[in-house]
Amino acid sequence: MSQPIDRRNLVKYGLVALGAFSLGQWKTPVPFLEGPREASAQSGPSSGSSKSGTLFSYRPFSQPLFIPSIAESRPRGTLSPAPGQYPRAGGPSGRPSVPHGNFNDVAHGIAPEFDGRVPGFPCPDWNRFSSHTHEKEYRLAIEETVQSFFPGVDTPIFAYRDIFGGDPARTPGPTFLARFREPVVARFQNHLTRNRGPINTTGHDNETSIHLHGSHVPAHADGAPDFYILAGEARDYYWPNIEPRVTQPDRRAGICTGAFDPTWTPSTLWYHDHAMDVTGFNVSRGLAGFYLMFDEREEQLIEDRVLPDPLQGFDIGLALTDQRFNADGTLFFDFFNHDGRLGDVFTVNGTVQPFMQVQRRKYRFRILNASNARIYQLRLSNGQPFLVFGADSWLFPRAGLVKTFELAMGQRHDVIIDFRNAPNEVFIENIMIQTSGRKGDGVDPKKPTALMKFVVTGAPVANDVIIDNGTIIRDQWTPVSDNEVVATRSFRSDRAMGAWTINNRFFNPRRTDAVPELGTTEEWTFENNSGGWWHPFHTHLEGFQIKSLNGKTPPFERSFNSDLVNLHGGEVAKVLIKFRTFTGPFSFHCHNVDHEDMRMMAFFDPRPFGQPSPLDGEARIDPEVSGVVPDCTELEEEGRIYFDVAGDLDRLEDRGVGFPNCDFDMNKRGNQL
Ligand SMILES: [Cu+2]
């Protein structure tokens, strides 16, 4: 079979701009989906929400909300080979070798340039397994399976399956429950192989990368877009479950030795795919799940009955997505639409417009926008407010009432809905009108779309949790001060050649666009220069506090910690961000994941004072880390032609990313199978 049309090939052949593209001139116009699916994939731009569910007979609010199972852990010592130990490791360096298509060949991903071992650098080496032992191990498969969004219709999806738990794969993936300061290792093995998986509707291998969104983790475990898990292989993610430490006055001494900074204790994280060029495809197919962390303070709040108990079913994650289906029930995805994938069928936790039965009490909902390009403006149908007490990964210093809030892609809001005096039916409604992936068209309170229904039963319960408007939650929250800022940087987003740029540059995994000094604070300005598009900006490693949004103070629910700020057309955000604990590379990018795939991303690489980043735009990245192979010869020698080194479009011949001059036999595309 010929090469699939995906974003990598589009960019590689310089066919980024749709206007430059015509099927007749394209030598291998092979549709991504074959057979009867092809015809239904021609329907062009999204049909909007008016046709919701019309393809298949379906009654809204007839299916119960799916609640993912809890990911099961095993004690340290269960995984074989043990994390950090590699059967093929050899030679004087003792470093792990490149895995060769076996699930037992586990990529660890610490290359010397990202290792963090710096002479005289005071940090203990968090980047390595040996110095901070994990206690728990997880094992998940990434695989294709089928899920019924509509009764009697099997839809192929990608899913995370808990191998220890034995639960069937579906989306969202299993929910991780983590405790603060209890490091874990999660082994993900990628079964999205052309020849070895039970299902493979794409006809080729799919690489993945796991990003734990909202976490403070070493670079090798952060899901950098080119730190792949190749099809047929596995990778260990070491998640220390820590927060950054308070920066001491002597910042070089204080990077790793201060107390943990309670302002940045995370709570609601999520994990999702982050593989270069295919994040949009992989996420839209279902690769996402919740990761919840609890520290002593939050556990105390639960014990004191301030917050609902997650183990009693009163603390529930709601992942919102919009889906679009082909006539045969498969998921629609258009690699030529760079505005962003917009669906016309709304799902919560992978169920189309579900219902949930609730008691007359307060429930905690962690609402996540897991869509590619859909922006929500949420409200409750009966007009009652949400009690919001967290945004993205972090809890607020105090809870506050908010009638409606915007939720951009990747954002989370931690809310209480009080059903004690609610009517028998309450809906979560979206009042953002949106007709393309470019942006929201505006809020229209007269045109709500109900996303899910609560069926409220019984009498108000006694001894309900006591959280209320103004309740103190994160009691040790501190604002970042302007006085701490040692540098300012500006990042302007724009459109070029049908793709997306930050400061006029396309993403290149060999280049860093910022080298902040570890242990310092900076003020970053995100500027959306493209008036017709909205761009939610996300930083890895650390969140930030929004100093101003378009010159004004942000709304209550965005006035504490965030890891995402949504920029409407022409808007500017100033944020205060710290850089602690880990050297990079870490990415920041637009969380319209289709924009992200189309190069609206950059690396930053925090380094101790005076140390340059190895990511100079030219340096070869160790293939043992990235899977990226450096040149044609080596690709041919290794028979590994899956990977294109993404270069800078400005500098490469033919404006292609990767190897425009390599003569590959794309039939061999794959991983030495
Ligand atoms: Cu964007």
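Tutor: Start with helices and strands: helices (H or I, at least four residues) and strands (E, at least two) are DSSP runs, numbered from the N terminus. Here R305 follows helix α5, and its phi is positive, near 60°. Two notes on the source. Residues are numbered from 1 along each chain as its sequence is written. The model is predicted: local features need pLDDT of at least 70, side-chain atom pairs count only at pLDDT 80 or more, and totals for chains, interfaces and linings use all residues.

Student: How many helices and strands does the protein have?

Tutor: Eight helices and 35 strands.

Student: What share of the residues is buried?

Tutor: First, the term. A residue is buried if 20 or more other C-beta atoms lie within 10 Å of its own, exposed if 12 or fewer, and partly exposed in between; C-beta atoms are placed from the backbone. Of the 673 residues in the protein, 52% are buried.

Student: Which residues of α5 are buried?

Tutor: The general idea comes first. An α-helix has 3.6 residues a turn, so residues three or four places apart point the same way. In α5 (residues 296–303), E298, L301 and I302 are buried. They cover an arc of only 100° around the axis, so they lie on the same side of α5. That arc is taken from the directions from the helix axis to the C-beta atoms. The face turned away carries the exposed residues E296, Q300 and E303.

Student: What do the buried residues of α5 pack against?

Tutor: They pack against β10 (288–294). Contact means that two C-beta atoms, placed from the backbone, lie within 7 Å.

Student: Now strands. Which side chains of β14 are buried?

Tutor: In β14 (residues 355–359) the side chains alternate. M356 and V358 point to one face and are buried.

Student: How do strands pair?

Tutor: Through backbone hydrogen bonds, either parallel or antiparallel. Two strands count as paired if DSSP finds at least two bridges between them. β14 pairs with β24 (residues 449–457) in the parallel sense, over five bridges. V358 stands opposite V456 in β24.

Student: What is the strand order in the open sheet of five strands?

Tutor: The order is β27-β35-β34-β29-β32, with mixed pairing. β27 (512–514) and β32 (564–567) stand at the edges with a single partner strand each, so one side of each has no neighbour in the sheet. β27 and β35 (residues 601–604) pair in the parallel sense over two bridges. There, T512 has F603 as its bridge partner.
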